[in-house]
Amino acid sequence: MAWACALSPIGVMICGGVATASTPALAWDGARRLGVQCLVDPDRAPDRRRLQAALCDRVRALAADKAPIPVVLLAPGDPGLIAADTAVLLFHANIQSEGPQSLGSRGGSLLVFSLRVFRATAAPSELFGAAPRATAPPAFGADPSSQFDAAVNAALAETLPWRSRPAP
C-alpha cells in the first residue's frame, strides 16, 4: 500500500502522514482522472435530457471542488468509462412524482439520487456507494438549487477521498 501512496496523486492525499481508521477503496489506486456520468429517470419526463445535462454539469462542478485530479463529464459510450487511469462517479437520479400527470409540472415531486464510484480496471472494493438522498427537483428551466447542492455535497463527502469527513 505504501507504493500506492507515493505514486498516485490520490494516494498522497488518501494516505497523507496520518494513519486512518479505514483502508481506501481500491477504485482510487492509480486514478489520474475522475469522470462523471449521469442518468436521470424516468425517460418519459418531457425535459429529462435537459435536466440530466444540468444536474450532471452541477455534480461535476461540485466534485471538482478541491479535487487533486481533473474531473470531466463522460458521455455514454465514451472510452474513458473503461480507461485504466479513470475512476467514474455514477450519479443516478429518479424523479418521484405524485402521478404520471405531474411529471412535467414537478409540483410535489422529489428527485431521489445515489452516487457510486466505478472503476473498470479495479477489483470491486465497494458494495455500496453513498446513502441515497432526496431533494426537490429544480423548477422547469431553472438551475439546480442550493438544496440540491447540499444533498450532493453530503453524498460526495461519503464518496470522494478528498471530500471525506474526518472520523468522529
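User: Which residue is the bridge partner of leucine 34 in β2?

Analyst: Valine 71 is the bridge partner of leucine 34 there. One caution: this is a predicted model, where local features need pLDDT of at least 70, side-chain atom pairs count only at pLDDT 80 or more, and totals for chains, interfaces and linings use all residues. Residues are numbered from 1 along each chain as its sequence is written, and side-chain values use heavy atoms, leaving out hydrogens and water.

User: In which sense do β1 and β2 pair?

Analyst: In the parallel sense, over three bridges. Strand β1 covers residues 33-41. Two strands pair if DSSP finds at least two bridges between them. Strands of a sheet pair through backbone hydrogen bonds, either parallel or antiparallel.

User: What does the strand order of the sheet look like?

Analyst: The order is β2-β1-β3-β4-β5. The sheet is open, with mixed pairing. At the edges are β2 (71-73) and β5 (133-135), and each pairs on one side only. Neighbouring strands are turned by 25 degrees against each other on average, direction ignored. For angles, axes are lines fitted to C-alpha atoms, for helices over the stretch in contact, and values run from 0 to 180 degrees between N-to-C directions.

User: Which strands does helix α3 touch?

Analyst: Helix α3 (residues 48-64) packs on the sheet and touches β1, β2, β3 (86-96) and β4 (110-118). Its direction makes about 150 degrees with that of β1. Contact means heavy atoms within 4.5 Å.

User: And where does helix α4 lie?

Analyst: Helix α4 (residues 146-159) lies across β3, β4 and β5. It runs at about 25 degrees to β4.

User: Let's zoom out. How many helices and strands does the protein chain have?

Analyst: Four helices and five strands. From the N terminus on, the elements run α-α-β-α-β-β-β-β-α. Helices (H or I, at least four residues) and strands (E, at least two) are DSSP runs, numbered from the N terminus.

User: What share of the protein chain is buried?

Analyst: Buried residues make up 42% of the 168 residues. Buried means under 20% relative accessible area, exposed over 50%, and partly exposed in between (1.4 Å probe, protein chains only).

User: Back to β4. Which residues are on its covered face?

Analyst: Leu111, Phe113, Leu115 and Val117. The uncovered face has Leu110, Val112, Ser114, Arg116 and Phe118. In a regular strand the side chains alternate between the two faces of the sheet.

User: How many bridges does β4 make with β3?

Analyst: Nine, in the antiparallel sense. Valine 88 stands opposite phenylalanine 118 in β4.

User: What about β4 and β5?

Analyst: Those two are antiparallel as well, over three bridges. Leucine 111 stands opposite threonine 135 in β5.

User: New topic. How many salt bridges are there?

Analyst: The count comes to three. A salt bridge is a side-chain nitrogen of Lys or Arg within 4 Å of a carboxyl oxygen of Asp or Glu.

User: Which residue does aspartate 149 form a salt bridge with?

Analyst: Arginine 58, with the closest N and O atoms 2.6 Å apart. Aspartate 149 lies in helix α4 and arginine 58 in helix α3, so the pair ties together parts that are 91 residues apart in sequence. Aspartate 149 is buried, at 14% relative accessibility. Arginine 58 is partly exposed, at 29%.

User: Which residue pairs with arginine 133 in a salt bridge?

Analyst: Glutamate 158, with the closest N and O atoms 2.8 Å apart. Arginine 133 is in strand β5 and glutamate 158 in helix α4, so this pair ties together parts 25 residues apart in sequence. Arginine 133 counts as buried, at 17% relative accessibility. Glutamate 158 counts as partly exposed, at 41%.

User: And which residue meets arginine 50 in a salt bridge?

Analyst: Aspartate 47, at 3.0 Å, N to O. Aspartate 47 is buried, at 7% relative accessibility. Arginine 50 is partly exposed, at 32%.

User: Last one. Is arginine 48 buried or exposed?

Analyst: Arginine 48 is buried, yet has no salt bridge. Its nearest side chain of opposite charge is aspartate 41, 5.3 Å away. Here Lys and Arg count as positive and Asp and Glu as negative, while His and the chain ends are not counted. Arginine 48 lies in helix α3. Leaving aside neighbours within four places in sequence, arginine 48 is in contact with Leu39, Val40, Asp41, Pro42 and Asp43.
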